[in-house]
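This report covers the chain interfaces of a predicted model, then one chain as a whole and a few single residues.

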Amino acid sequence: MSKIKSNRLKDNAFKYFGIFCTFIGLVMLAIFIGNILIEGLGRIDYDFLTNLPSRKAAKAGILTAWTGTAWILGLTAIIAIPLGVAAGVYLEEYGKKNRLASIVEINIANLAGVPSIIYGLLGLEIFVRILNFGGSLLAGAFTLALLILPIIIVATREALKAVPDSLRQASYGMGATKWQTIQYQILPAASGGILTGIILALSRAIGETAPLIVIGALAYVPFVAKTPMDEFTVLPMQIFNWVSRPQHEFVINAAAGIIILLLITFILNGIAVYLRNKWQKKVNW
Amino acid sequence: MKKLLANKVDAYYGDNHVLKDINLEIKENSVTAFIGPSGCGKSTFLRMFNRMNDYIDGFRKEGQIIIDGKEIYKKKVKVEELRQNVGMVFQKPNPFPKSIYENVVYGLKIQGIKDKKVLAEVVEKSLIQAALWEEVKDSLNKSALSLSGGQQQRLCIARTLAVEPSVILMDEPASALDPISTSKIEELIDSLKENYTIVIVTHNMQQAARISDKTAFFYMGELIEYDNTKDLFTHPKNERTENYITGRFG
Amino acid sequence: MRKTKEKIIEALLSFSGLITILTTIGIIWVLASESFSFFREVSLIDFLTDTEWTPLFTQKHYGILPLLSGTFLVTMIAVMVAMPIGLSIAIYLSDYAHRKFRDTVKPMLEVLAAVPTVVYGFFALTVVTPFLQNIIPGLGSFNALSAGIVMGIMIIPMVSSLSEDALRALPKSLREASFGMGATRFQTAFKVAVPAASSGIVVSIILAFARAIGETMIVAIAAGQQPILTMDPRDAVETITAYIVQVSLGDVQHGSLEYKTIFAAGITLFVFTFILNNISFWVKKRYQEKYE
């Protein structure tokens, strides 16, 4: 009967190992964020947010970087949201059975697995060179929009799937056309889920660095972008640039920049989680 | 010889009082049927005899369940050992997605028995007891999922027999099966009675009447009537029992 | 009138769906056409067998192997970190933990995947590498080990989340059967649940591989820029992605051979992730058929 004892021992040992594993990643993240706060928090002040980049670490600020991130966020949203939601609506409400839809579906799954840097190569050739946008905000926004399109499409479809068929039938029963049904009934009902997906996708976009490096976003941009055709930098680019320098002062700058970037990321994710919970509660049909 | 005893048993799921003051005694080497409408607590009660409710969040019980004179909810009782002694067969056949052979030896392997000869003997013996041997003896390495539903259920019974329990709990074992498979399971139960104490939950009153020695009727978490099967079905003492077995509700 | 409007709207919507196909075609076309002109100047055999990659030096070699070895070294380390931890989390959450605990912890783990990768790069360079230098004397400031470990932490939620979904999708009756035989949770998890959910778990690991291979910023910051053919995790290495970043940051003339190297490197990366992704679809599909 000692077999039972040893079985129980293993059973319990794994329990503690499982708890350990569950928290190790989070503990690492906590250590790291704590470390960043210690390094960078003292560096954040009004000047840091409003200064242009500089070769001198103490004078350098993130004005061009955060305005660039704000531009990218806005432009990417304008491009990606209508396309992504429209594609999601088409796949879920119109093209369920046809061939095009099934090809698009496989294709989206594949696109979601393409490394972001490959999107950079696509953007470099198509937007920067062929469409001649150069290393501009517009080129960056188009590239990132393509990158997050699969996320928005999948989220839209999930949200539409959760809308019960009875709602569609009720609307058709009143003599509404398909589009009227979608426009007035289904999209409003699914809006919470769609919005959650959009915010998560945008949060992903503002954290991206690699594709923007490839399309030629610059680390050193001495002016605030005024039009979508201007050259730009973004927060992650600025952080990357500072991290790569040997002087410790720049590492402190990077830490301070990371605090701002994480703040934005966590706020966006927080909003998304909040919306998701709210929406899930509401949709108890 | 009394084998199982429930003494003032109450059970709760969170705030739900699902079993109310149940007292019942079951004799060795007999078949006892639990009947009653859905939600009456008969399955919950059955599962208390091998503590299958332990992992359910919010489950709580009062009173005692005694098997072979020992209270099974005592702290020092090892639930693994208990379940080897009190086997269970479930409503839907649930073979593991492994070979037929692996299914039967599972219980032995988790006890640490590895001797191939012993295992092979047990496989043959259990499958013969479960009346499945002739059908599968040439395909022991085939996936258990390739068997028919009725065969799968007999495999699950063989799997339970392999660890040599003294009690077998059956939770509506034939409800997912066709009539032919059902009658095979019923024959099997009848033949197992010689060596095992069997408790079976069933929705099917004819089945209870056909196979059991004693029948317990549960309603709304209470044990309404417990008697020899023949007496309970022909002269029910309680009005609610009569209503149920004559089909007036259920 | 109403009908035409409906038709127009449907056409507009389907056009949006088409954009995704155009994206794929665009990626393949861009990678293939630039690589094609690359391979007119560099033989495919050299590309696949030369053990040096020095397109930016005067003595030029175009062998992809050092970049591949760098990529796989870091990826292996990442998966070796993420797989045991991610799987243990999945098993713990599905077979041990209470529902409340699981519902709280799962979104917390997702945070790990939401942190921008440039932040992980910083972490690797400024926290993990100095820490490792205390343990491993002589470890350089750029090395595959640190980048790999941090990448592993990043992809933990990918493994844990998908594996846990697969484990939880198993019918409850399977675990009950095992408990009913007197098995412990540990035995039930490892002898019954994990084998039964193996295809879903395999999918999660393949996708973690694909994610690690394509990850850029952590390696660009912490692994170094030395394309050497090595399997020593203490060495500085260059991955395919880090090379593309290195070239993109410099002044490379469009149309030059150096410029085309990033597309040749890119198509190599694309092929690997494409294959891994499609293996995972295939496994997933077979798995679904088994359970429906």
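Chain B and chain C bury about 1,800 Å² between them in this predicted model, and carbon and sulfur atoms give 63% of that area. Of the area that chain B buries against chain C, 28% is supplied by Y55(B), Y106(B) and I110(B), more than by any other three residues. In terms of contacts, 23 residues of chain B meet 20 residues of chain C.

One salt bridge is found across the interface of chain B and chain C. Its partners are R47(B) and E176(C), whose closest N and O atoms lie 2.7 Å apart. Polar contacts between chain B and chain C number six residue pairs, with both residues at pLDDT 80 or more. On the side of chain B that touches chain C, the elements that give two or more residues are α2 (79-85), β6 (86-89), α3 (100-110) and α6 (149-162) of chain B. That side of chain B is made up of 11 nonpolar, six polar and six charged residues.

Chain C also meets chain A, with 74 residues of chain A in contact with 71 residues of chain C. The area buried between chain A and chain C is about 6,500 Å², and 78% of it is on carbon and sulfur atoms. The rule for salt bridges finds one across the interface of chain A and chain C. This salt bridge joins the side chains of D11(A) and R185(C), at 3.2 Å from N to O. Between chain A and chain C, 12 residue pairs are in polar contact, both residues being at pLDDT 80 or more. Helix α1 (residues 2-40) of chain A gives 20 residues to the side of chain A that touches chain C, the largest share of that side. By class, the side of chain A that touches chain C holds 52 nonpolar, 15 polar and seven charged residues.

| Interface | Residues | N to O distance |

Chain C itself has 12 helices and zero strands. Its C-alpha atoms fill a box of roughly 75 × 70 × 35 Å along the principal axes. Chain C has 292 residues, of which 60% count as buried. Among contacts in chain C with a separation of 6 or more, 71% are between residues 24 or more positions apart.

In chain A, T64(A) is part of helix α3 (residues 63-94). T64(A) counts as buried because its relative accessible area is 3%, under the 20% cut-off. Leaving aside residues up to four places away in sequence, T64(A) touches L52(A), P53(A), V221(A), P222(A), F223(A), V224(A) and T233(A).

Over all chains, the count of disulfides comes to zero.

Technical notes
Residues numbered from 1 in each chain as written. Chains lettered and ligands numbered in written order. Heavy atoms only, no water. Disulfide = S-S within 2.5 Å. Contact = heavy atoms within 4.5 Å. Buried area = accessible area lost by both parts, 1.4 Å probe. Salt bridge = Lys/Arg side-chain N within 4 Å of Asp/Glu carboxyl O. Polar contact = N/O pair within 3.5 Å; in protein donor to acceptor, adjacent residues only side chain to side chain. Helix = DSSP H or I, 4+ residues; strand = E, 2+ residues; numbered from the N terminus. Nonpolar A, V, L, I, M, F, W, Y, C, P; charged D, E, K, R; others polar. Buried < 20%, exposed > 50% of the residue type's maximum accessible area, 1.4 Å probe, protein only.
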